[in-house]
Amino acid sequence: MKCDEAAEFVSALCDGETIPREVAEHIGTCEVCRARLNAYSAIGVELKRVASLEPPVTMKARSWEKEQRIRMNWWQMGRTAMKIPRFAFASMLALILVLSSSLVLVRARTGGGGPVLVLTFKLLPDGTTGDCIITTDGNARTNQCGYTPGVRGGMLGLKFRFVSRDGDRTQLGVKATYKSHSDTFHFIDDFKDVPERMVWVEPGEKEQIAVSGLGEIELTGEYLDHLPLLRFRPKEALDPQKNEFRVVAPVLIRGKEVVLNLSENGYSIDSGDPEAALMIYYPGEGRYLISTVPFEGAVDGTVKLGQIKFNLEGQDYLLLTAMPTTRSEHVWVSHDPQYKLSEHMQDARDDLPMFMVRKLSGLLGGQIHH
Amino acid sequence: MAEDRELWERSRQGDGRAFEALYLKYAPKLEVFLRQVLGNQQAAQDVMQETFTQIWQRPNGFEPERGTLRAYVFGAGRKRAAEWWRKQGTRKETVQDEPAECRTETASLVADALAQLPQEGRSLIWLREVEGYSYAELAETLEIPIGTVRSRLFGVREELRKIWRATPQAKERDS
(Lines give C-alpha, C1' and ligand atoms only; values in the text may rest on other atoms or scores of the structure.)
Protein backbone atom coordinates (compact mmCIF):
# COMPACT_ATOMS: atom_id res chain seq x y z
CA MET A 1 0.00 0.00 0.00
CA LYS A 2 1.31 3.42 -1.03
CA CYS A 3 0.67 6.57 0.98
CA ASP A 4 -0.99 8.23 -2.04
CA GLU A 5 -3.53 5.39 -2.18
CA ALA A 6 -4.25 5.68 1.53
CA ALA A 7 -4.47 9.50 1.62
CA GLU A 8 -8.19 9.80 0.80
CA PHE A 9 -8.99 7.18 3.45
CA VAL A 10 -7.03 9.21 6.02
CA SER A 11 -9.44 12.06 5.35
CA ALA A 12 -12.43 9.70 5.57
CA LEU A 13 -11.07 8.39 8.89
CA CYS A 14 -11.22 11.94 10.27
CA ASP A 15 -14.91 11.98 9.41
CA GLY A 16 -15.58 8.78 11.33
CA GLU A 17 -16.05 6.72 8.17
CA THR A 18 -15.17 3.02 8.04
CA ILE A 19 -12.07 2.32 5.98
CA PRO A 20 -10.67 -0.94 4.51
CA ARG A 21 -8.64 -3.13 6.85
CA GLU A 22 -5.42 -2.98 4.79
CA VAL A 23 -5.57 0.83 4.72
CA ALA A 24 -6.12 0.95 8.47
CA GLU A 25 -3.09 -1.32 8.98
CA HIS A 26 -0.96 0.85 6.71
CA ILE A 27 -1.92 4.06 8.52
CA GLY A 28 -1.06 2.39 11.83
CA THR A 29 2.53 1.77 10.76
CA CYS A 30 3.27 4.62 8.32
CA GLU A 31 4.83 7.80 9.69
CA VAL A 32 3.79 9.88 6.65
CA CYS A 33 0.16 8.85 6.86
CA ARG A 34 0.06 9.40 10.61
CA ALA A 35 1.50 12.88 10.10
CA ARG A 36 -1.24 13.57 7.53
CA LEU A 37 -3.87 12.28 9.94
CA ASN A 38 -2.54 14.53 12.70
CA ALA A 39 -2.50 17.53 10.34
CA TYR A 40 -6.10 16.94 9.22
CA SER A 41 -7.23 16.56 12.83
CA ALA A 42 -5.39 19.71 13.85
CA ILE A 43 -6.98 21.65 10.99
CA GLY A 44 -10.41 20.47 12.14
CA VAL A 45 -9.72 21.53 15.71
CA GLU A 46 -8.40 24.91 14.62
CA LEU A 47 -11.41 25.52 12.40
CA LYS A 48 -13.67 24.91 15.37
CA ARG A 49 -11.56 27.36 17.35
CA VAL A 50 -11.83 29.95 14.58
CA ALA A 51 -15.59 29.50 14.71
CA SER A 52 -15.54 30.09 18.48
CA LEU A 53 -13.61 33.31 17.96
CA GLU A 54 -16.20 34.69 15.57
CA PRO A 55 -17.96 37.79 16.92
CA PRO A 56 -21.37 36.84 18.28
CA VAL A 57 -24.33 37.27 15.98
CA THR A 58 -26.97 39.64 17.25
CA MET A 59 -30.39 38.66 16.02
CA LYS A 60 -33.00 41.26 15.28
CA ALA A 61 -36.55 40.19 16.08
CA ARG A 62 -38.70 40.03 12.97
CA SER A 63 -42.44 39.88 12.59
CA TRP A 64 -42.81 37.14 10.03
CA GLU A 65 -46.59 37.23 9.72
CA LYS A 66 -46.37 40.75 8.26
CA GLU A 67 -44.13 39.54 5.46
CA GLN A 68 -46.08 38.62 2.39
CA ARG A 69 -45.90 35.01 1.25
CA ILE A 70 -45.55 34.23 -2.39
CA ARG A 71 -47.33 31.43 -4.17
CA MET A 72 -45.24 30.75 -7.23
CA ASN A 73 -46.75 29.68 -10.51
CA TRP A 74 -45.01 27.22 -12.84
CA TRP A 75 -43.20 29.95 -14.70
CA GLN A 76 -41.80 31.48 -11.49
CA MET A 77 -40.78 28.10 -10.10
CA GLY A 78 -39.02 27.30 -13.34
CA ARG A 79 -37.20 30.62 -13.30
CA THR A 80 -36.14 30.22 -9.67
CA ALA A 81 -34.72 26.74 -10.10
CA MET A 82 -33.49 27.26 -13.64
CA LYS A 83 -30.33 25.45 -14.60
CA ILE A 84 -30.79 25.78 -18.35
CA PRO A 85 -30.71 28.96 -20.41
CA ARG A 86 -33.90 31.00 -20.01
CA PHE A 87 -34.61 31.07 -23.71
CA ALA A 88 -34.44 27.27 -23.82
CA PHE A 89 -36.77 27.06 -20.79
CA ALA A 90 -39.23 29.49 -22.37
CA SER A 91 -39.16 27.47 -25.62
CA MET A 92 -39.73 24.26 -23.69
CA LEU A 93 -42.73 25.76 -21.87
CA ALA A 94 -44.18 27.01 -25.16
CA LEU A 95 -43.77 23.53 -26.68
CA ILE A 96 -45.46 21.88 -23.71
CA LEU A 97 -48.34 24.34 -23.95
CA VAL A 98 -48.80 23.64 -27.66
CA LEU A 99 -48.64 19.87 -27.21
CA SER A 100 -51.01 19.82 -24.27
CA SER A 101 -53.51 22.44 -25.44
CA SER A 102 -56.29 19.84 -25.76
CA LEU A 103 -55.60 18.64 -22.22
CA VAL A 104 -55.80 22.22 -20.94
CA LEU A 105 -59.23 22.59 -22.52
CA VAL A 106 -60.47 19.43 -20.81
CA ARG A 107 -59.15 20.59 -17.45
CA ALA A 108 -60.79 23.95 -17.81
CA ARG A 109 -64.15 22.31 -18.41
CA THR A 110 -63.88 20.05 -15.36
CA GLY A 111 -63.23 23.01 -13.06
CA GLY A 112 -59.76 22.83 -11.47
CA GLY A 113 -60.72 23.89 -7.94
CA GLY A 114 -63.64 21.53 -7.34
CA PRO A 115 -64.32 19.59 -4.15
CA VAL A 116 -63.09 16.23 -5.47
CA LEU A 117 -59.42 15.42 -5.06
CA VAL A 118 -57.88 12.86 -7.40
CA LEU A 119 -54.79 11.42 -5.70
CA THR A 120 -52.27 9.80 -8.00
CA PHE A 121 -49.42 7.82 -6.53
CA LYS A 122 -46.39 6.45 -8.23
CA LEU A 123 -43.97 3.95 -6.78
CA LEU A 124 -40.40 5.14 -7.20
CA PRO A 125 -38.45 4.30 -9.21
CA ASP A 126 -40.24 1.65 -11.28
CA GLY A 127 -43.38 3.66 -11.80
CA THR A 128 -46.27 1.46 -10.61
CA THR A 129 -49.14 3.96 -10.49
CA GLY A 130 -52.68 4.19 -9.23
CA ASP A 131 -55.44 6.67 -8.47
CA CYS A 132 -57.66 7.19 -5.49
CA ILE A 133 -60.41 9.76 -5.01
CA ILE A 134 -61.66 11.61 -1.95
CA THR A 135 -63.94 14.58 -1.45
CA THR A 136 -62.83 17.67 0.46
CA ASP A 137 -66.26 19.07 1.31
CA GLY A 138 -66.78 17.15 4.53
CA ASN A 139 -68.91 14.37 3.07
CA ALA A 140 -68.24 11.53 5.53
CA ARG A 141 -69.20 8.89 2.96
CA THR A 142 -66.51 9.86 0.46
CA ASN A 143 -63.83 11.61 2.51
CA GLN A 144 -61.44 8.67 2.55
CA CYS A 145 -60.14 6.12 0.11
CA GLY A 146 -57.72 3.24 0.00
CA TYR A 147 -55.78 1.28 -2.55
CA THR A 148 -53.96 -2.02 -2.18
CA PRO A 149 -52.12 -3.01 -5.35
CA GLY A 150 -49.80 -6.00 -5.62
CA VAL A 151 -46.22 -4.74 -5.87
CA ARG A 152 -42.90 -6.63 -6.11
CA GLY A 153 -44.32 -9.88 -4.77
CA GLY A 154 -46.13 -8.21 -1.87
CA MET A 155 -49.06 -5.90 -1.19
CA LEU A 156 -48.84 -2.15 -0.87
CA GLY A 157 -51.52 -0.68 1.37
CA LEU A 158 -52.41 3.00 1.04
CA LYS A 159 -55.17 4.79 2.89
CA PHE A 160 -55.97 8.50 2.61
CA ARG A 161 -58.21 10.48 4.95
CA PHE A 162 -59.30 14.06 4.37
CA VAL A 163 -58.35 16.33 7.32
CA SER A 164 -58.62 19.95 6.21
CA ARG A 165 -58.46 22.21 3.21
CA ASP A 166 -56.79 25.61 2.85
CA GLY A 167 -57.37 27.08 -0.62
CA ASP A 168 -55.74 24.72 -3.09
CA ARG A 169 -53.95 22.82 -0.34
CA THR A 170 -55.49 19.78 1.28
CA GLN A 171 -54.19 18.11 4.40
CA LEU A 172 -54.48 14.34 4.42
CA GLY A 173 -53.95 11.65 7.03
CA VAL A 174 -51.97 8.97 5.22
CA LYS A 175 -51.35 5.37 6.19
CA ALA A 176 -48.85 3.54 4.04
CA THR A 177 -47.58 0.02 4.62
CA TYR A 178 -46.11 -2.89 2.72
CA LYS A 179 -46.71 -6.63 3.26
CA SER A 180 -43.87 -8.48 1.62
CA HIS A 181 -44.34 -12.02 0.25
CA SER A 182 -48.10 -11.75 0.37
CA ASP A 183 -50.95 -11.59 -2.11
CA THR A 184 -53.69 -10.63 0.31
CA PHE A 185 -54.40 -7.45 2.24
CA HIS A 186 -57.01 -7.02 4.93
CA PHE A 187 -58.23 -3.45 4.91
CA ILE A 188 -59.01 -3.28 8.65
CA ASP A 189 -56.47 -5.60 10.30
CA ASP A 190 -53.47 -4.70 8.15
CA PHE A 191 -53.93 -0.95 8.65
CA LYS A 192 -54.72 -1.20 12.36
CA ASP A 193 -51.17 -0.67 13.70
CA VAL A 194 -49.88 1.56 10.91
CA PRO A 195 -49.21 5.11 12.17
CA GLU A 196 -50.95 7.90 10.32
CA ARG A 197 -48.85 10.79 9.07
CA MET A 198 -50.02 14.23 7.94
CA VAL A 199 -49.29 15.28 4.37
CA TRP A 200 -50.25 18.43 2.46
CA VAL A 201 -51.23 17.96 -1.16
CA GLU A 202 -51.39 20.77 -3.68
CA PRO A 203 -51.88 20.61 -7.47
CA GLY A 204 -48.54 20.77 -9.25
CA GLU A 205 -46.59 19.72 -6.14
CA LYS A 206 -45.10 16.30 -5.48
CA GLU A 207 -45.03 14.76 -2.03
CA GLN A 208 -42.84 11.78 -1.27
CA ILE A 209 -43.94 9.19 1.27
CA ALA A 210 -41.55 6.57 2.60
CA VAL A 211 -43.01 3.07 2.87
CA SER A 212 -40.99 0.78 5.14
CA GLY A 213 -39.65 -2.26 3.29
CA LEU A 214 -40.61 -0.95 -0.13
CA GLY A 215 -39.19 2.50 -0.82
CA GLU A 216 -40.80 5.80 -1.63
CA ILE A 217 -44.00 6.69 -3.37
CA GLU A 218 -44.69 10.00 -5.01
CA LEU A 219 -48.09 11.54 -4.40
CA THR A 220 -49.74 14.21 -6.50
CA GLY A 221 -53.23 15.69 -6.39
CA GLU A 222 -55.65 17.30 -8.82
CA TYR A 223 -59.10 18.74 -8.21
CA LEU A 224 -62.26 17.87 -10.11
CA ASP A 225 -65.74 19.34 -9.86
CA HIS A 226 -67.49 15.95 -9.76
CA LEU A 227 -66.99 12.40 -8.57
CA PRO A 228 -65.88 10.36 -11.60
CA LEU A 229 -68.12 7.41 -12.42
CA LEU A 230 -65.07 5.13 -12.28
CA ARG A 231 -63.90 6.06 -8.82
CA PHE A 232 -60.48 4.40 -9.01
CA ARG A 233 -59.92 5.02 -12.72
CA PRO A 234 -60.75 8.72 -13.20
CA LYS A 235 -58.51 9.02 -16.25
CA GLU A 236 -59.84 5.94 -18.03
CA ALA A 237 -60.22 6.49 -21.77
CA LEU A 238 -62.99 5.01 -23.91
CA ASP A 239 -60.44 3.08 -25.91
CA PRO A 240 -59.04 0.10 -23.93
CA GLN A 241 -55.29 0.02 -23.32
CA LYS A 242 -53.10 -2.77 -24.64
CA ASN A 243 -53.64 -5.89 -22.48
CA GLU A 244 -56.44 -4.15 -20.64
CA PHE A 245 -59.54 -6.15 -19.84
CA ARG A 246 -62.31 -4.24 -18.13
CA VAL A 247 -65.91 -4.80 -17.30
CA VAL A 248 -68.19 -1.98 -16.19
CA ALA A 249 -71.77 -2.62 -15.03
CA PRO A 250 -72.34 -5.90 -16.90
CA VAL A 251 -75.75 -7.24 -17.98
CA LEU A 252 -75.99 -10.83 -19.28
CA ILE A 253 -78.86 -11.82 -21.59
CA ARG A 254 -79.66 -15.43 -22.58
CA GLY A 255 -82.06 -15.57 -25.51
CA LYS A 256 -84.67 -13.00 -24.41
CA GLU A 257 -84.08 -13.49 -20.67
CA VAL A 258 -81.95 -11.18 -18.52
CA VAL A 259 -79.80 -13.64 -16.58
CA LEU A 260 -78.06 -11.07 -14.44
CA ASN A 261 -77.84 -7.31 -14.13
CA LEU A 262 -74.87 -6.01 -12.16
CA SER A 263 -75.12 -2.37 -13.18
CA GLU A 264 -75.02 -1.34 -9.51
CA ASN A 265 -71.89 -3.36 -8.76
CA GLY A 266 -69.31 -1.06 -10.36
CA TYR A 267 -66.47 -2.33 -12.43
CA SER A 268 -63.30 -4.40 -12.51
CA ILE A 269 -60.25 -3.72 -14.62
CA ASP A 270 -56.91 -5.42 -15.15
CA SER A 271 -54.18 -3.62 -17.05
CA GLY A 272 -51.00 -5.18 -18.27
CA ASP A 273 -51.74 -8.88 -18.04
CA PRO A 274 -52.19 -10.48 -21.49
CA GLU A 275 -54.07 -13.37 -19.84
CA ALA A 276 -56.75 -11.32 -18.12
CA ALA A 277 -60.14 -12.95 -17.68
CA LEU A 278 -63.53 -12.02 -16.29
CA MET A 279 -65.28 -14.16 -13.71
CA ILE A 280 -68.97 -13.55 -13.09
CA TYR A 281 -70.64 -15.39 -10.22
CA TYR A 282 -74.39 -15.17 -9.78
CA PRO A 283 -76.53 -17.08 -7.25
CA GLY A 284 -78.38 -19.88 -9.03
CA GLU A 285 -76.36 -19.38 -12.22
CA GLY A 286 -72.94 -20.49 -11.00
CA ARG A 287 -69.86 -19.11 -12.70
CA TYR A 288 -69.09 -17.69 -16.15
CA LEU A 289 -65.45 -17.30 -17.19
CA ILE A 290 -64.63 -15.05 -20.13
CA SER A 291 -60.98 -14.86 -21.23
CA THR A 292 -59.01 -13.18 -23.99
CA VAL A 293 -56.94 -16.38 -24.40
CA PRO A 294 -58.28 -19.89 -25.14
CA PHE A 295 -58.61 -22.40 -22.29
CA GLU A 296 -59.91 -25.95 -21.91
CA GLY A 297 -63.69 -26.38 -22.13
CA ALA A 298 -64.31 -22.84 -23.45
CA VAL A 299 -66.25 -21.78 -26.54
CA ASP A 300 -65.38 -18.97 -28.92
CA GLY A 301 -67.15 -15.61 -28.59
CA THR A 302 -66.95 -12.33 -30.50
CA VAL A 303 -66.34 -8.84 -29.15
CA LYS A 304 -67.65 -5.57 -30.50
CA LEU A 305 -67.22 -2.43 -28.36
CA GLY A 306 -69.25 -3.12 -25.19
CA GLN A 307 -70.92 -6.30 -26.49
CA ILE A 308 -69.74 -9.90 -26.24
CA LYS A 309 -71.71 -12.62 -28.07
CA PHE A 310 -71.32 -16.37 -27.59
CA ASN A 311 -73.32 -19.59 -27.78
CA LEU A 312 -73.33 -22.04 -24.86
CA GLU A 313 -75.36 -25.22 -24.42
CA GLY A 314 -77.30 -24.35 -27.59
CA GLN A 315 -78.38 -20.91 -26.40
CA ASP A 316 -77.30 -17.43 -27.56
CA TYR A 317 -75.81 -15.13 -24.94
CA LEU A 318 -75.16 -11.39 -25.07
CA LEU A 319 -73.01 -9.69 -22.44
CA LEU A 320 -73.51 -5.91 -22.44
CA THR A 321 -71.07 -3.63 -20.65
CA ALA A 322 -70.97 0.14 -20.20
CA MET A 323 -67.54 0.50 -21.85
CA PRO A 324 -65.61 -1.39 -24.54
CA THR A 325 -64.02 -4.36 -22.79
CA THR A 326 -60.86 -5.23 -24.71
CA ARG A 327 -58.93 -4.62 -27.91
CA SER A 328 -59.26 -8.31 -28.70
CA GLU A 329 -61.99 -9.30 -31.19
CA HIS A 330 -62.40 -12.79 -29.72
CA VAL A 331 -62.93 -14.20 -26.26
CA TRP A 332 -63.34 -17.71 -24.86
CA VAL A 333 -66.20 -18.50 -22.50
CA SER A 334 -67.08 -21.33 -20.12
CA HIS A 335 -69.99 -21.86 -17.74
CA ASP A 336 -70.06 -23.93 -14.54
CA PRO A 337 -73.64 -23.94 -13.10
CA GLN A 338 -72.56 -25.98 -10.03
CA TYR A 339 -69.83 -23.55 -8.97
CA LYS A 340 -69.86 -22.50 -5.28
CA LEU A 341 -67.94 -19.30 -4.65
CA SER A 342 -67.48 -20.03 -0.95
CA GLU A 343 -65.44 -23.13 -1.79
CA HIS A 344 -62.88 -21.12 -3.72
CA MET A 345 -62.65 -17.74 -2.05
CA GLN A 346 -62.07 -16.84 1.58
CA ASP A 347 -64.98 -14.96 3.23
CA ALA A 348 -67.09 -15.21 0.03
CA ARG A 349 -70.85 -15.78 0.17
CA ASP A 350 -72.84 -17.94 -2.24
CA ASP A 351 -75.97 -15.79 -2.02
CA LEU A 352 -74.36 -12.61 -3.37
CA PRO A 353 -73.35 -11.84 -6.97
CA MET A 354 -69.78 -10.95 -7.78
CA PHE A 355 -67.57 -10.25 -10.74
CA MET A 356 -63.87 -9.64 -11.05
CA VAL A 357 -61.14 -9.42 -13.65
CA ARG A 358 -57.99 -11.34 -12.81
CA LYS A 359 -55.28 -13.41 -14.48
CA LEU A 360 -56.87 -16.51 -16.05
CA SER A 361 -54.58 -18.97 -14.26
CA GLY A 362 -55.55 -17.37 -10.94
CA LEU A 363 -59.24 -17.92 -11.66
CA LEU A 364 -58.79 -21.49 -12.90
CA GLY A 365 -56.73 -22.54 -9.86
CA GLY A 366 -58.17 -23.97 -6.68
CA GLN A 367 -58.23 -20.87 -4.51
CA ILE A 368 -59.03 -17.35 -5.71
CA HIS A 369 -57.57 -14.36 -3.88
CA HIS A 370 -59.40 -11.09 -3.46
CA MET B 1 -35.16 16.68 13.89
CA ALA B 2 -38.73 15.79 14.86
CA GLU B 3 -39.03 19.21 16.50
CA ASP B 4 -37.78 20.84 13.29
CA ARG B 5 -40.40 19.05 11.24
CA GLU B 6 -43.18 20.10 13.55
CA LEU B 7 -41.99 23.72 13.55
CA TRP B 8 -41.66 23.60 9.78
CA GLU B 9 -45.15 22.22 9.30
CA ARG B 10 -46.57 25.01 11.44
CA SER B 11 -44.46 27.58 9.57
CA ARG B 12 -45.81 26.32 6.27
CA GLN B 13 -49.28 26.97 7.52
CA GLY B 14 -48.34 30.58 8.30
CA ASP B 15 -47.37 30.35 11.99
CA GLY B 16 -44.85 33.19 12.34
CA ARG B 17 -43.87 32.18 15.88
CA ALA B 18 -42.89 28.70 14.73
CA PHE B 19 -40.79 30.21 11.96
CA GLU B 20 -39.21 32.62 14.44
CA ALA B 21 -38.08 29.60 16.50
CA LEU B 22 -36.41 28.11 13.43
CA TYR B 23 -34.88 31.48 12.59
CA LEU B 24 -33.39 31.87 16.07
CA LYS B 25 -32.03 28.34 15.91
CA TYR B 26 -30.37 28.45 12.49
CA ALA B 27 -29.78 32.11 11.59
CA PRO B 28 -26.71 32.70 13.85
CA LYS B 29 -24.96 29.58 12.53
CA LEU B 30 -25.84 30.47 8.97
CA GLU B 31 -24.47 33.98 9.39
CA VAL B 32 -21.14 32.69 10.77
CA PHE B 33 -20.96 30.23 7.88
CA LEU B 34 -21.68 33.02 5.39
CA ARG B 35 -18.92 35.14 6.89
CA GLN B 36 -16.46 32.44 5.88
CA VAL B 37 -17.95 32.07 2.41
CA LEU B 38 -18.27 35.79 1.71
CA GLY B 39 -15.42 37.17 3.83
CA ASN B 40 -17.57 40.18 4.63
CA GLN B 41 -19.53 40.51 7.86
CA GLN B 42 -22.13 42.98 6.60
CA ALA B 43 -22.74 40.96 3.43
CA ALA B 44 -23.08 37.80 5.52
CA GLN B 45 -25.77 39.44 7.63
CA ASP B 46 -27.63 40.72 4.57
CA VAL B 47 -27.49 37.39 2.77
CA MET B 48 -28.62 35.55 5.90
CA GLN B 49 -31.65 37.86 6.24
CA GLU B 50 -32.47 37.49 2.54
CA THR B 51 -32.21 33.71 2.84
CA PHE B 52 -34.73 33.50 5.68
CA THR B 53 -37.05 35.98 3.98
CA GLN B 54 -36.99 33.80 0.87
CA ILE B 55 -37.68 30.62 2.87
CA TRP B 56 -40.63 32.26 4.63
CA GLN B 57 -42.08 33.68 1.43
CA ARG B 58 -41.81 30.41 -0.49
CA PRO B 59 -42.77 27.76 2.06
CA ASN B 60 -43.06 24.92 -0.45
CA GLY B 61 -39.37 24.86 -1.27
CA PHE B 62 -38.44 22.43 1.51
CA GLU B 63 -39.53 18.79 1.26
CA PRO B 64 -38.94 17.02 4.61
CA GLU B 65 -38.79 13.61 2.94
CA ARG B 66 -35.77 14.67 0.91
CA GLY B 67 -33.47 15.76 3.71
CA THR B 68 -33.00 17.83 6.82
CA LEU B 69 -34.17 21.39 7.34
CA ARG B 70 -30.65 22.37 8.37
CA ALA B 71 -29.26 21.19 5.02
CA TYR B 72 -32.03 23.04 3.21
CA VAL B 73 -31.40 26.31 5.07
CA PHE B 74 -27.64 26.21 4.53
CA GLY B 75 -28.12 25.14 0.90
CA ALA B 76 -30.40 28.14 0.33
CA GLY B 77 -27.84 30.39 2.04
CA ARG B 78 -25.02 29.00 -0.07
CA LYS B 79 -26.96 29.70 -3.28
CA ARG B 80 -27.66 33.28 -2.26
CA ALA B 81 -24.00 33.69 -1.36
CA ALA B 82 -23.04 32.47 -4.83
CA GLU B 83 -25.48 35.04 -6.26
CA TRP B 84 -23.87 37.74 -4.14
CA TRP B 85 -20.46 36.80 -5.53
CA ARG B 86 -21.76 36.94 -9.09
CA LYS B 87 -23.06 40.46 -8.45
CA GLN B 88 -19.63 41.49 -7.16
CA GLY B 89 -18.24 40.75 -10.62
CA THR B 90 -14.47 40.50 -10.73
CA ARG B 91 -13.80 41.33 -7.09
CA LYS B 92 -11.32 38.98 -5.53
CA GLU B 93 -12.98 36.38 -3.35
CA THR B 94 -10.51 36.48 -0.51
CA VAL B 95 -11.80 39.68 1.06
CA GLN B 96 -11.37 39.89 4.82
CA ASP B 97 -12.80 42.98 6.43
CA GLU B 98 -11.92 41.98 9.95
CA PRO B 99 -8.77 43.53 11.53
CA ALA B 100 -5.96 40.96 11.77
CA GLU B 101 -5.20 41.82 15.38
CA CYS B 102 -8.58 40.45 16.43
CA ARG B 103 -7.37 36.92 15.85
CA THR B 104 -4.83 34.78 17.60
CA GLU B 105 -1.83 33.71 15.55
CA THR B 106 -2.94 30.09 15.02
CA ALA B 107 -6.50 31.02 14.29
CA SER B 108 -5.28 33.57 11.79
CA LEU B 109 -3.16 30.92 10.04
CA VAL B 110 -6.12 28.62 9.57
CA ALA B 111 -8.48 31.44 8.69
CA ASP B 112 -6.03 32.78 6.11
CA ALA B 113 -5.58 29.33 4.64
CA LEU B 114 -9.36 28.93 4.52
CA ALA B 115 -9.73 32.28 2.76
CA GLN B 116 -7.43 31.10 -0.02
CA LEU B 117 -9.72 28.18 -0.89
CA PRO B 118 -12.39 28.40 -3.57
CA GLN B 119 -15.88 29.15 -2.26
CA GLU B 120 -17.13 25.58 -2.53
CA GLY B 121 -14.12 24.20 -0.68
CA ARG B 122 -14.64 26.72 2.12
CA SER B 123 -18.30 25.75 2.41
CA LEU B 124 -17.52 22.05 2.41
CA ILE B 125 -14.84 22.04 5.11
CA TRP B 126 -16.71 24.53 7.31
CA LEU B 127 -19.96 22.60 7.23
CA ARG B 128 -18.12 19.35 7.95
CA GLU B 129 -15.72 20.45 10.66
CA VAL B 130 -17.66 23.24 12.38
CA GLU B 131 -21.30 22.38 11.77
CA GLY B 132 -20.72 18.61 11.89
CA TYR B 133 -22.65 17.83 8.70
CA SER B 134 -22.93 14.20 7.61
CA TYR B 135 -21.88 13.20 4.10
CA ALA B 136 -25.55 12.95 3.13
CA GLU B 137 -26.27 16.48 4.35
CA LEU B 138 -23.21 17.82 2.56
CA ALA B 139 -24.36 16.16 -0.64
CA GLU B 140 -27.80 17.75 -0.30
CA THR B 141 -26.56 21.21 0.68
CA LEU B 142 -23.89 21.45 -1.99
CA GLU B 143 -25.91 19.54 -4.60
CA ILE B 144 -23.18 17.03 -5.35
CA PRO B 145 -23.34 13.20 -5.38
CA ILE B 146 -22.68 11.63 -1.98
CA GLY B 147 -19.82 9.64 -3.47
CA THR B 148 -18.10 12.88 -4.43
CA VAL B 149 -18.21 14.29 -0.90
CA ARG B 150 -15.40 12.10 0.42
CA SER B 151 -13.01 12.86 -2.45
CA ARG B 152 -13.74 16.61 -2.33
CA LEU B 153 -13.21 16.73 1.42
CA PHE B 154 -9.87 15.03 0.95
CA GLY B 155 -8.95 17.56 -1.75
CA VAL B 156 -9.87 20.49 0.49
CA ARG B 157 -7.98 19.12 3.50
CA GLU B 158 -4.92 18.57 1.34
CA GLU B 159 -5.17 22.13 -0.01
CA LEU B 160 -5.46 23.52 3.51
CA ARG B 161 -2.53 21.43 4.69
CA LYS B 162 -0.32 22.64 1.84
CA ILE B 163 -1.29 26.31 2.32
CA TRP B 164 -0.78 26.04 6.03
CA ARG B 165 2.62 24.36 5.66
CA ALA B 166 3.76 27.00 3.17
CA THR B 167 3.18 29.91 5.58
CA PRO B 168 6.33 31.47 7.09
CA GLN B 169 5.03 30.78 10.60
CA ALA B 170 4.60 27.11 9.86
CA LYS B 171 8.02 26.83 8.25
CA GLU B 172 9.55 28.53 11.27
CA ARG B 173 7.66 26.18 13.59
CA ASP B 174 8.76 23.08 11.61
CA SER B 175 12.44 24.05 11.43
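Predicted model: local features only at pLDDT ≥ 70, side-chain atom pairs only at ≥ 80, totals over all residues.
**Glu31(B)**

Glu31(B) has a relative accessibility of 2%, so I noted it as buried. Buried means under 20% relative accessible area, exposed over 50%, and partly exposed in between, with a 1.4 Å probe and protein chains only. Glu31(B) sits in helix H2 of chain B, residues 16-38. Helices are DSSP runs of H or I with at least four residues, strands are E runs of at least two, and both are numbered from the N terminus. I then listed contacts, meaning heavy atoms within 4.5 Å. Neighbours within four places in sequence aside, Glu31(B) touches Val57(A), Ala44(B), Gln45(B) and Met48(B).

**Ground rules**

I number residues from 1 along each chain as its sequence is written, and chains are lettered from A and ligands numbered from 1 in the order in which they are written. Local features need pLDDT of at least 70, side-chain atom pairs count only at pLDDT 80 or more, totals for chains, interfaces and linings use all residues, and side-chain values use heavy atoms, without hydrogens and water.

**Glu17(A)**

I found Glu17(A) in the loop between helix H1 (3-14) and helix H2 (21-29) of chain A. Leaving aside neighbours within four places in sequence, Glu17(A) is in contact with Ala12(A) and Tyr135(B).

**H3(B) and H4(B)**

Next I checked helix H3 (residues 41-57) and helix H4 (residues 69-88) of chain B. Their axes are 9 Å apart and the angle is about 125 degrees. Axes are lines fitted to C-alpha atoms, for helices over the stretch in contact, and angles run from 0 to 180 degrees between N-to-C directions. H3(B) and H4(B) are therefore oblique to each other. The cut-offs are under 35 degrees for roughly parallel, over 145 for roughly antiparallel, 65 to 115 for roughly perpendicular, and oblique for the rest. The contact includes Phe52(B) of H3(B) and Trp84(B) of H4(B).

**H3(A) and H6(B)**

At what angle do H3(A) and H6(B) cross? I read roughly 85 degrees for helix H3 (residues 31-53) of chain A and helix H6 (residues 119-129) of chain B, with axes that come within 9 Å. That makes H3(A) roughly perpendicular to H6(B). Tyr40(A), Gly44(A), Leu47(A), Lys48(A), Val50(A) and Ala51(A) in H3(A) meet Ile125(B), Trp126(B) and Glu129(B) in H6(B).

**Chain A**

Last, I noted that chain A has eight helices and 20 strands. Of its 370 residues, 42% are buried.
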